[in-house]
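Welcome, and please take a moment with the sequence and the model.

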Amino acid sequence: MIYRWQLNPPQSKFNDGCAVPDSLKSAISKKIYKQRFCNPEAGMSESYFGAPLSQLRDPSDLPELEAGAEYLHKHLSQNGSICIFADYDVDGICGGILVYQFLKTAYPDHNIQISHSDRFSEGYGLHLHHVDRLLDFNCILTVDCGSNSLKATQRLTESGCDVIITDHHECALDQEGRVIRPNAKAFINPKRQDAPHYYSFLSGTGVALMLCLVMRRISPACASTKLSSFLDLVCTSIISDSVPLVNENRLIVQYGLKVFNTMPRPFFRTLMDAPHPRFGPVDENTLSFALIPKLNAPGRLGSTEPIVGGLLSEDQESIEAHAKTALAQNKQRMEIQQNSWMLVEPLIDESKNVICVYHSKIHEGVIGILASRIAEKTHKPSIVLCPSQNPDEIKGSGRSYDGRSVFDIASHFSGHFKQFGGHQAAIGLTLPRSNLDAFRNGINDYVLPEKPATLAIDDEILMDDITLQTAMDIQKIGPYGQQFEEPIFLLKDVAIPKLSLLKENHLKGILESRNKKRVEFLGWKLGYLSPHLSLDHRYDVVLRLRVNHYQNIRRVQCEILDFEPIFKHS
């Protein structure tokens, strides 16, 4: 057993008038729907199931959003030059492309350009060393960055540039805990203390979308530009940045996936179909495994140009050329990642409350992936550190786990940092090399309350209920993500008559019930359990249901999360 299992208690109180949709046929899916949408304690209204896009709230109550749109409209009306300055990750790339294409559709002849910082030579965010290249523009619009760029914003403002910041990262605070406002014409960030709480979950691209929504109202040139075709970009950013899949985010992902399944961007489609054509509909898992890693790879190794160029290309030859470059870099990224993992894994000390590792030979572009993998392996917040290109500095990336915010933890040591930022799920940091030992020692001694890794199980399930119809119904209740996780089920008393290893890292096999009914299963990254699983034992297993698509044939499949042996065959 990897986790402590916690079976959620049955619900008895449901909202009056909450009706299960006719599209759900299986009994288990109807039960899950009522638990998720009809339960007054769940915090998710049934209005968010299949809701119309018009249910998106008017974003004008987001502080300074109206002012930002007014300033942007002023510059466009005066034929001013605009630079969209965006972060280098998937959220920043998608947000930058969204704003750029939205504005160029409305103002095709205006000087509107897009720029991304370089991970290695420039680092995250807007800095003083960016200022000189931005001074030729009348207006700088940041996407997914800028909240803590106090010096660069000040310099640009003093030089006559109007700066509009759109971001979703945590804000810098003064000694009294108040947000330090950058000297910008507009500072749009749902993490501001005066922002409505229901916007706090937006991704950086989500904030950019809100700006565009207001621009449609303010600017006559933008009024006819439909934003629905851009929802695939926002959807991708939400899945990539692991922001909670609630409120506006849930609606956006629902409709963004519709765009993927009806009018996919040629560049996205080309990446998802490599190395082999993909079968079945695009869902949040498709994005997580078949698209987002490929979008992130070029920025992890250097320049985002293959991704930005591919998304902006209009002819298939150019799209395929950019995709070829991105796919080659993704292959290189995987090799670097595996080599770096082999260096990092022996350094993991699972006795610590927060895992913090440093190695001088790992690649800066994959430290976030390594931190995620360590968090998954240890069930603890994790930070990975490596040398920077600047020999006097150390770069770091951290990931949260099970509600334990690595941002809050690292904030206790902010005095060690030269740069620090992020949100509740992830952080990035830079510290002087001279502070490395003090920071590592502080993190290693950090005490967290005891919290065993727990799997929250939605319900027990019988083998007879594990059908293709049930799996399809469970999919309909999605999309799933942070704070709206996929249902997890407990299946009791099964044998494993067939078991094999995939690529030495994953399990594949058959589960068999007492009445000899069988279902295929996969266990991602559970290959290390193979020596402990016996064909002579019976097990309770915790699983998710999947619809496997292969050559246009659908079948039900289980994704195993944990095993518990109960006794040998009698």
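This is a predicted model: local features need pLDDT of at least 70, side-chain atom pairs count only at pLDDT 80 or more; totals for chains, interfaces and linings use all residues.

Residues are numbered from 1 along each chain as its sequence is written, and side-chain values use heavy atoms, with hydrogens and water left out.

**The sheet and a helix across it**

- Five strands make up an open sheet with parallel pairing, in the order E3-E2-E4-E5-E6; helices (H or I, at least four residues) and strands (E, at least two) are DSSP runs, numbered from the N terminus.
- Strand E3 (112–116) and strand E6 (186–188) are the edges: each has a single partner strand, so one side of each is left without a neighbour in the sheet.
- From one strand to the next, the twist averages 15 degrees; axes here are lines fitted to C-alpha atoms, for helices over the stretch in contact, and angles run from 0 to 180 degrees between N-to-C directions.
- Strands pair if DSSP finds at least two bridges between them, and E5 (residues 162–166) is joined to E6 by three bridges.
- One of the residues in these bridges is Ile 164, whose bridge partner in E6 is Ala 186.
- Helix H3 (residues 90–106) lies across strand E2 (82–86), E3 and strand E4 (139–143), and runs at about 175 degrees to E3.

**Nonpolar cores**

- The largest nonpolar core has 110 residues, and Leu 287, Leu 511 and Phe 563 touch the most other members.
- A nonpolar core is a set of buried Ala, Val, Leu, Ile, Met, Phe, Trp, Tyr and Cys residues joined through side-chain atoms within 4.5 Å; buried means under 20% relative accessible area, exposed over 50%, and partly exposed in between (1.4 Å probe, protein chains only).
- H3 gives this core its largest share, ten residues.
- Another core, of 20 residues, lies apart from it, with Cys 356, Phe 417, Leu 431 and Phe 439 among its members.
- Not counting residues up to four places away in sequence, Phe 563 touches residues including Met 1, Trp 5, Leu 507, Phe 521 and Tyr 539, where contact means heavy atoms within 4.5 Å.

**Cysteines**

- The disulfide count comes to one, with a disulfide taken as a pair of cysteine sulfur atoms within 2.5 Å.
- That disulfide is formed by Cys 18 and Cys 38, with their sulfur atoms 1.8 Å apart.
- The link of Cys 18 and Cys 38 is left-handed, at -65 degrees about the S-S bond.
- Cys 18 sits in the loop between strand E1 (4–7) and helix H1 (27–37), and Cys 38 in the loop between H1 and H2, so the pair ties together parts that are 20 residues apart in sequence.
- Cys 18 is buried at 14% relative accessible area, and Cys 38 is buried at 0%.

**A histidine in H2**

- His 75 lies in helix H2 (residues 65–77) and counts as buried, at 7% relative accessibility.
- The side chains of His 75 and Asp 162 are joined by a polar contact of 2.7 Å; such a contact is a pair of N or O atoms within 3.5 Å, where within protein one must be able to donate a hydrogen and the other to accept it, and residues adjacent in sequence count only if both atoms are side-chain atoms.
- Neighbours within four places in sequence aside, His 75 is also in contact with Gly 80, Ile 82, Asn 138 and Cys 139.

**Backbone spots to look at**

- Ala 274 and Pro 275 are joined by a cis peptide bond, with omega about 5 degrees, and Pro 275 has its place in the loop between helix H9 (266–272) and helix H10 (284–301).
- Gly 478 and Pro 479 are joined by a cis peptide bond, with omega about 15 degrees; Pro 479 is in the loop between helix H16 (468–477) and strand E14 (489–502).
- Ser 242 is not a glycine, yet has a positive phi of about 55 degrees; Ser 242 is in the loop between helix H7 (231–241) and helix H8 (247–262) and is partly exposed, at 35% relative accessible area.
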